Amino acid sequence: GVYAAAAFGIATTIAAARILGPDDFGLFALALTASLFLQGLLDVTAEEAGVKFGIRFASGEDWGRLRQVLRTVLGLKAVGACAAGALVAVLALGADTLFDTSGLTTPMLLAALIPIVQIPEAYAVGLLVRGRYELRSALLGMTAGLRLVAVLLGAPSGVTRAIAYLVVAQGVAALVTALVSMRALRDYPAAPRARLGDARPEFWGFVWRSSVGSGLVSLRMWARPVLLGLVAVPAQVGFLRAAQAAEVGAAAGSAPARLVLLGEHTRAWEQGDQSRVIRGAARYTALASLIAAVVAVPTIALAGWWVPAIFGDDYAGAVSTFRFVLAAAAVQFAFSWNKPFAVAIGRPGLRSWIYAAEVAVLLPLVLILGSSMGAEGAGIATLVATIVFAAAWAVVLWRMARRDGQDGALDEAAAA
């Protein structure tokens with residue numbers, strides 16, 4: 001399911017890019033990325049806390065507090081999504097002036113609905129708590145498939161209709177996800193909700209730190225097209241957004257492993273088996289580095305051929321951007337264990353600090369290099385910032401492994 005989601009997601013980008021062309025695809029990308037950016041920035045990321053504490057309470061058969069956690073996750077998701085939607089709508093009113101273009105207001109107003117229609121997806125936390133990774137993966141594939149259908153049906157009629165159809169597709173997918181997740185949770189014994197009690201400070205602290213981290217992730221991924229739109233023409237935004245399909249592919253390629261790591265490593269850490277978690281992250285880095293090298297090197301070398309062949313001749317100017325983003329995506333793939341690792345060890349704040357360092361490098365570089373080099377400059381900024389990100393996580397893992405005596409696992413990762 002996750003691999004299907006990746007394939008559908010990349011196909012959606014390709015379809016939109018080819019049908020709309022660089023200029024309109026740039027407008028399409030600006031409307032959607034502004035929505036995704038503000039959604040990630042303002043979203044109260046309670047899902048990770050829901051998984052961690054949900055597994056803890058389910059393992060202890062504390063059904064009352066489990067249900068309280070799930071209810072809290074849904075409420076926080078709704079608040080954050082509504083706030084993000086409202087801000088996107090406000091931004092839309094001045095979008096044409098802000099980005100020095102025309103025809104962006106209506107698409108962005110429609111895109112403001114996306115965070116709101118996604119609220120029911122918060123129920124998917126229950127699937128991860130239940131260990132039903134295959135169902136979650138299948139639902140992700142279904143959602144991406146519906147998005148592809150929406151673009152294929154709507155893009156021939158322009159940017160506005162493409163985004164309108166995307167909103168409908170996302171809403172349908174979110175409702176199906178909620179229904180399936182609620183059914184899975186029925187297997188747990190019925191119990192009245194109970195207060196979190198002594199777990200309350202830890203839970204809310206985790207939510208806060210995780211939300212900060214997710215906001216930084218939003219800056220990392222979705223701020224780039226928005227910032228580039230401030231200093232370059234929409235076609236350059238289209239080039240960058242098309243190249244970001246490589247990052248989406250890398251993230252999706254590692255998603256099945258990350259889903260499993262989130263649940264299994266959280267259980268291992270909660271049961272006191274810290275060495276298993278550290279060893280797993282080191283070995284993951286070694287194997288993922290090898291896979292990334294095998295895939296990325298020929299893909300980068302042949303970009304001059306396949307980029308115009310797949311996206312169309314109008315995107316020949318995006319080849320260098322693709323190469324830089326592909327290199328960054330390979331590094332991201334090798335260190336994609338970072339999110340479940342931080343959640344498992346109960347230190348989402350660690351992830352936030354590292355993301356903050358990456359963003360501090362990334363955003364100024366996008367503006368500086370993007371203003372003179374367009375999408376290519378944004379691609380260079382992406383690679384430089386990703387190297388900073390990977391180096392920081394390598395140091396963290398090295399220090400933790402040394403402290404835990406996992407020298408053998410470190411040697412495997414260092415060899416890669």
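What is the volume of the second largest cavity? It comes to about 40 Å³. A cavity here is a set of points, on a 1 Å grid over the protein atoms alone, where a 1.4 Å probe fits but cannot get out. Grid points are joined across faces, edges and corners, and a volume is the space filled by probe spheres set on the points. The model is a predicted one, so to speak of local features takes a pLDDT of at least 70, and side-chain atom pairs count only at pLDDT 80 or more, while totals for chains, interfaces and linings use all residues. Residues are numbered from 1 along each chain as its sequence is written, and side-chain values use heavy atoms, with hydrogens and water left out.

First, the overall picture. The protein chain has 19 helices and zero strands; helices (H or I, at least four residues) and strands (E, at least two) are DSSP runs, numbered from the N terminus. Of the 416 residues in the chain, 55% are buried, where buried means under 20% relative accessible area, exposed means over 50%, and partly exposed is in between (1.4 Å probe, protein chains only). If contacts between residues at least 6 apart in sequence are taken, 81% of them join residues at least 24 apart, a contact being heavy atoms within 4.5 Å.

Back to the cavities. A search of the whole structure turns up three of 30 Å³ or more. The second largest cavity is lined by Arg-220, Arg-224, Glu-247, Gln-332, Glu-358, Leu-362, Thr-382, Ala-385 and Thr-386; lining residues have an atom within 4 Å of a point. Two or more of these residues come from each of α10 (200-231), α17 (348-373) and α18 (375-404), and α18 gives the most, with three residues. Sorted by class, this lining has two nonpolar, three polar and four charged residues. In this scheme Ala, Val, Leu, Ile, Met, Phe, Trp, Tyr, Cys and Pro count as nonpolar, Asp, Glu, Lys and Arg as charged, and the others, Gly among them, as polar.

Pockets come next. A pocket is an open set of points with protein on both sides within 12 Å along at least five of seven lines. The largest pocket holds about 470 Å³ of space. Its lining takes in 21 residues, and Ala-246, Gly-249, Ala-250, Val-295 and Leu-326 lie nearest the centre. The elements giving two or more residues to that lining are α1 (2-42), α11 (234-243), α12 (245-270), α13 (274-301), α14 (303-311) and α15 (319-334). The class count for the largest pocket is 19 nonpolar, two polar and no charged residues.

The second largest pocket has a volume of about 230 Å³. Among the residues that line this pocket are Arg-67, Arg-71, Tyr-123, Met-182 and Arg-186. Helices α3 (63-93), α7 (125-129) and α9 (159-185) each supply two or more lining residues, and the largest share, five residues, comes from α3. By class, the lining of the second largest pocket has eight nonpolar, one polar and three charged residues.

Now for a pair of helices. α11 and α15 pack at an angle of about 35°, and their axes are 9 Å apart; axes are lines fitted to C-alpha atoms, for helices over the stretch in contact, and angles run from 0 to 180 degrees between N-to-C directions. On the α11 side Phe-239, Leu-240, Ala-242 and Ala-243 take part, and they meet Thr-321, Phe-322 and Val-325 in α15. This contact has six nonpolar, one polar and no charged residues.

Ala-318 sits in the loop between α14 and α15 and is buried, with a relative accessible area of 0%. Ala-318 and Glu-376 are 58 residues apart in sequence, yet 7.3 Å apart in space, C-alpha to C-alpha.

Asp-100 lies in the loop between α4 (95-98) and α5 (105-111). Most residues other than glycine have a negative phi, but phi of Asp-100 is near 50°, a positive value. Asp-100 is exposed, at 70% relative accessible area.
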